[in-house]
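Hi everyone, thanks for coming. Let me put the structure up on the screen, and then I'll walk you through it.

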Amino acid sequence: MVAIVERSQLEPKRLPLITNYPSFRKWNKAALDEKLQDDPMCIYVHIPFCTQRCSFCYYKTVDLKERPEVDGYVDSLCKEIEMGVDRFDIGNRPIHAVYFGGGTPSLLKEHHFVKIIETLRNKFKHFESRNQLSVEAEPLTVSKSKMETLAKLGVTRLSMGVQSFNDKIIKLSGRGHDEKQAYRAIDIAQKAGNGQWTINIDLLSGLAGETPETWAESLECALNTGVESITVYKMEAFANTEVYKLGVREETIELPDDEQEIEFMRYAMERFERANYIPWSFFTYTKNGSDESKYISSIWRGMDFYGFGVSAFGSLGDGLLQNTSDLEKYNEIVNQGELPLARGYRFNGLDLIVREVLMGMKLLTLDLKGFKKRHGFKLQTLCGSTLKELADEGFITISEQEVALTSKGILFGDFVGQTLANAIEKAYR
Ligand SMILES: C[S@@+](CC[C@H](N)C(=O)[O-])C[C@H]1O[C@@H](n2cnc3c(N)ncnc32)[C@H](O)[C@@H]1O
Ligand code: SF4
């Protein structure tokens, strides 16, 4: 290794030629073995269709009422999988987790699932040894036969959008199901899964019409189903939603304010804790810590993943890549035998550190020793005073080993991660 000495201490003289860094003394067999192994990765499959357009939803989705070509899309998706695996030479990599997201993947017909999973199985040599296969679902698209097919195909986690168990609030949000149908779908899924899969349900806090009473009732209903996992997202009124138009621009519907929303979240945290639902991220709570989305936690920890489907994105090595978001273009490009990639991003050193801290804090703890090992210096050298301030204000605790969100830190979501990210970026400037 080259010793760092002050410029003033350097006697100008001709040194032996430096051929590499660090010096050979530091190289070892364990590092070679690690390098020779293929890194595990995750797979994401995007299904952009929905049976409705929910008033709060910010995703770019296609309503089935517009009669999109679902069969054609599934064909394109399978072609893209075949081309993408070859182009990026990822067919031999160990597969950690697979995630079907949307939109609403559960509206696909059984033969669609069979075809996509067969294609994945054929192209990824280690598809069978994955740890988890997740599918997002919506209550009205759940049937006994479809759930049985998914179970047979090896699905191990089902994530169902419910949002609320109060009929009035569900209706206001433009969803097609009611409370009874949500229960029914969960019951069908629980029976068909027969212990093979865990079920997560999504709730939204801050929906139009929500009161402390309706919120408390919804949480009880969710807990009564006995599902392994409950996710509570803060409803964000994005500019492309009906909720934004009516609630923010025209003010014809009333949305809970920020303070009320925080109270909903605080109540949920306390209630979940009493029911022994333990958080693994700041919005997902699992029964006795029994379930975690291995896909989400791994990609937040920086594992590679490839996204197949319209608008899907992935992260491979030192960069991000994303497909076109235009459905027609997607089909057209794939059918011409090309990958539908539209844009990418190449990380620099700072990006990698910021990503690690920002996304890592979503998982409640950040491994300080791991950080030092990866980067060669302590996180504290970049944002020591901000860490101390956050600890003094009760958002985090800091030990030799890790930074951990407190209950207050969990309640404020991305606040800690974003504050640390800002401090790190400032330190680099
Ligand atoms: C892609 S959807 C999958 C579930 C399925 N499409 C459904 O709605 O039943 C994933 C989740 O995103 C969440 N979501 C949608 N719009 C949101 C918003 N404006 N703010 C926060 N979360 C939102 C909902 O909780 C939804 O269940
Ligand atoms: S919340 Fe789910 S069902 Fe509703 S529009 Fe968004 S993705 Fe589709």
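**A walk through the model**

Let's start with S218, which has 2% relative accessibility and so counts as buried; buried here means under 20% relative accessible area, exposed means over 50%, and partly exposed is in between, with a 1.4 Å probe and protein chains only. Before I go on, two housekeeping sentences. This is a predicted model, where local features need pLDDT of at least 70 and side-chain atom pairs count only at pLDDT 80 or more, while totals for chains, interfaces and linings use all residues. Residues are numbered from 1 along each chain as its sequence is written, chains are lettered from A and ligands numbered from 1 in the order in which they are written, and side-chain values use heavy atoms, with hydrogens and water left out.

Back to S218, which sits in helix α7, residues 212-224. By helices I mean DSSP runs of H or I with at least four residues, and by strands runs of E with at least two, numbered from the N terminus. Leaving aside neighbours within four places in sequence, S218 is in contact with S164, F165 and N166, where contact means heavy atoms within 4.5 Å. S218 and Q163 are 55 residues apart in sequence, and their C-alpha atoms are 8.8 Å apart in space.

Not counting residues up to four places away in sequence, N166 touches T214, E217 and S218. The side chain of N166 also reaches the backbone nitrogen of K168 at 2.9 Å. That is a polar contact: a pair of N or O atoms within 3.5 Å, where within protein one must be able to donate a hydrogen and the other to accept it, and residues adjacent in sequence count only if both atoms are side-chain atoms.

**The ligands**

Now, which residues are closest to ligand 1? They are F56, Q163, R175, D202 and E236, out of 19 residues that surround this ligand; a residue is near a molecule if one of its heavy atoms lies within 4 Å of it. The shell divides into eight nonpolar, five polar and six charged residues.

On to the atom pairs. A backbone N or O atom of G103 lies 3.0 Å from a nitrogen atom of ligand 1, and a polar side-chain atom of T104 lies 3.1 Å from a nitrogen atom of ligand 1. An N or O atom in the side chain of R175 is 2.8 Å from an oxygen atom of the ligand. On its own, ligand 1 has 570 Å² of accessible area, and the protein covers 94% of it; these areas come from the Shrake-Rupley method with a 1.4 Å probe, and for residues only the protein chains shown count as cover. The elements giving two or more residues to the shell are β5 (132-137), β6 (157-163), β7 (198-205) and β8 (229-234).

Ligand 2 has C50, Q52, C54, F56, C57, G103, T104 and R175 around it. Those divide into four nonpolar, three polar and one charged.

**Backbone details**

G103 comes up again for its backbone. A cis peptide bond joins G102 and G103, with omega about 15 degrees, and G103 is in the loop between β4 (95-102) and α3. Another cis peptide bond joins Y21 and P22, where omega is about -10 degrees. P22 belongs to the segment before α1 (29-36).

E251 is not a glycine, yet its phi is positive, about 55 degrees. At 62% relative accessibility, E251 counts as exposed.

S229, in strand β8, is at 0% relative accessibility and counts as buried. Its side chain makes a polar contact of 2.7 Å with the side chain of N200.

Zooming out, the chain has 16 helices and 17 strands. Of its 429 residues, 49% count as buried. Among contacts between residues at least 6 apart in sequence, 70% join residues at least 24 apart.

Definitions and conventions
Nonpolar A, V, L, I, M, F, W, Y, C, P; charged D, E, K, R; others polar.
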